Amino acid sequence: MKLLVTGGAGYVGSVCAKVLLERGHEVVVLDDLSTGNADAVPEGASFVEGDVAAEATGLLTGGGFDGVLHFAAKSLVGESVLEPETYWHGNVVKSLDLLDAMRSSGTPRLVFSSTAATYGEPESSPITEDAPARPTNPYGATKLAIDHAITSYAVAHGLAATSLRYFNVAGAYAGFGENRLVETHLIPLVLQVAVGRRESIAVFGTDWPTPDGTAVRDYIHIRDLSDAHVLALESSEPGKHRIYNLGSGNGFSVREVISACERVTARNIDAKDSPRRAGDPAVLVASSARAIAELGWSPQHTDLDEIVADAWTYVQSLGDRARG
C-alpha cells in the first residue's frame with residue numbers, strides 16, 4: 001500500500017514508518033519538524049516538510065494513497081493546560097483538515113494515534129475501552145474530540161478507521177527512539193541521569209496505594225506498538241471506526257523503573273522524592289484484550305529490562321545529536 005505518515009519524523013511515527021517499509025509498503029512522511037527530527041525519517045521513505053493542514057490536500061489529491069497513519073500532534077500535558085488554544089487548533093482543527101482531505105481524495109483508510117489520556121483518572125484497573133472517557137487536561141480532550149470526529153466520518157463517508165490508545169510507549173527499534181527537546185517520559189528521563197545529561201530524577205509521590213508507594217504505569221515496547229498499527233491498517237473495514245487500547249498489561253512502579261535502569265546501565269541513579277502531582281492516578285494499566293482478540297496482536301517485548309536496554313542502546317548512540 002502507498003501510505004502517508006503524518007508526524008513520521010517523531011518518535012512513534014518514525015518507528016512505525018520503519019516497520020511499514022520493512023513490510024513492503026510505500027511510505028511518504030509529512031512532518032513540519034516542530035518537534036521531530038529530519039534524521040529520524042527512515043531510509044526508503046519519501047519526506048515532505050510541511051504542515052498537515054497546508055499539505056495534506058495537495059499530497060492526497062491524485063496521489064493514489066491507500067491510507068494515512070496520523071501521528072502529527074501536540075502532546076505535552078502541562079503545555080496543553082497553559083496553552084489550550086494551541087492544542088485545540090493544532091490537534092483538532094488540523095485533524096479535521098486531514099479528514100476532509102481524505103474524504104475529497106477518496107483515501108480509504110486511517111489509523112489514528114490516540115492516547116490513554118482520554119480516560120482521565122479511571123475508576124478501576126486494568127482499563128478497558130468501555131471505561132468512561134473523562135480526560136482531565138486539554139491534550140486528552142483534544143484526542144477524544146478527534147476520536148468522535150473520526151466515528152462520524154466513518155459512518156457518513158465510509159472511512160475505514162482505527163484509533164489506538166497508547167499507554168506508556170518506551171524502548172527503541174532499528175536505530176530509532178526518543179530524542180526530543182522537551183522530554184516528559186520516565187524511562188528516557190532516568191536514562192538522561194545515567195548518561196550524565198541530568199543530575200537526578202524526581203519521584204512524584206511516595207505514598208500512593210501501591211506496593212512500594214510510587215505510581216504504577218504500563219510500558220509498551222515501541223516495536224509491539226508499531227506491529228499493532230500495521231495490523232490495524234490491514235484489517236480496517238469501510239464504515240467502521242474501531243478503538244483499541246495498547247499496553248503490555250503489566251504495571252511497573254516508578255521505583256521499579258529506576259531499578260531496571262540501574263541494572264541495565266550499571267550506574268547509580270539519583271532519585272529525589274517529591275510531592276504528588278495534581279491529577280496523577282495511582283495506577284494506569286491497560287487491558288489490551290480487545291486488540292489481542294480482534295487484531296490478532298500480541299505484545300512480544302514485555303520484559304522491563306529489555307525495554308530499558310533497547311532505550312539505553314539508543315541513548316548511547318545519540319552522542320551530540322541528543323536534544324533533551
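Helices (runs of H or I of at least four residues) and strands (runs of E of at least two) are DSSP runs, numbered from the N terminus. The structure described here is a predicted model, in which local features need pLDDT of at least 70 and side-chain atom pairs count only at pLDDT 80 or more, whereas totals for chains, interfaces and linings use all residues. Residues are numbered from 1 along each chain as its sequence is written, and side-chain values use heavy atoms, with hydrogens and water left out.

Asparagine 245 lies in strand 11. Because its relative accessibility is 0%, asparagine 245 counts as buried, a term that stands for under 20% relative accessible area, with exposed meaning over 50% and partly exposed the range in between (1.4 Å probe, protein chains only). When its neighbours within four places in sequence are left aside, asparagine 245 is in contact (heavy atoms within 4.5 Å) with Tyr119, Ile127, Thr128, Glu129, Arg165, Phe167, Ala286, Ser287, Ser288 and Ala291.

Strand 11 is also among the elements that cover the buried residues of helix 5, which include helix 3 (77-82), helix 4 (84-105), strand 5 (109-115) and strand 6 (160-166) as well. The buried residues in question are Pro138, Tyr139, Gly140, Thr142, Lys143, Leu144, Ile146, Asp147, Ala149, Ile150, Tyr153 and Ala154. The expected span of a helix is 1.5 Å times one less than its number of residues, so the 20 residues of helix 5 (residues 138-157) should span 28 Å, in agreement with the 28 Å between its end C-alpha atoms. Glycine 158, with a positive phi near 75°, follows helix 5.

Strand 5 is largely enclosed by the rest of the structure, because 6 of its 7 residues are buried. Two strands are taken to pair if DSSP finds at least two bridges between them; strand 5 pairs in the parallel sense with strand 4 (residues 67-70) over 3 bridges, and with strand 6, likewise in the parallel sense, over 7 bridges. Phenylalanine 112 in strand 5 stands opposite histidine 70, while serine 114 has arginine 165 of strand 6 as its bridge partner.

An open sheet of mixed pairing is formed by 3 strands in the order 12-9-14. Strand 12 (252-253) and strand 14 (283-284) stand at its edges with a single partner strand each, so that one side of each is left without a neighbour in the sheet. Strand 9 (residues 216-217) and strand 12 run antiparallel and are joined by 2 bridges, with serine 253 in strand 12 as the bridge partner of valine 216.

A nonpolar core is a set of buried Ala, Val, Leu, Ile, Met, Phe, Trp, Tyr and Cys residues joined through side-chain atoms within 4.5 Å. The largest such core has 34 residues, of which Val12 and Leu246 touch the most other members. Two or more residues of this core come from each of strand 1 (2-6), helix 1 (11-22), strand 2 (26-31), strand 6, helix 7 (222-235), strand 11 and helix 9 (289-295), and the largest share, 7 residues, is that of helix 1. Not counting residues up to four places away in sequence, valine 12 touches Phe71, Tyr166, Val169, Ile222 and Leu225. Apart from this core lies another, of 27 residues, among them Ala170, Val257, Val308 and Trp312.
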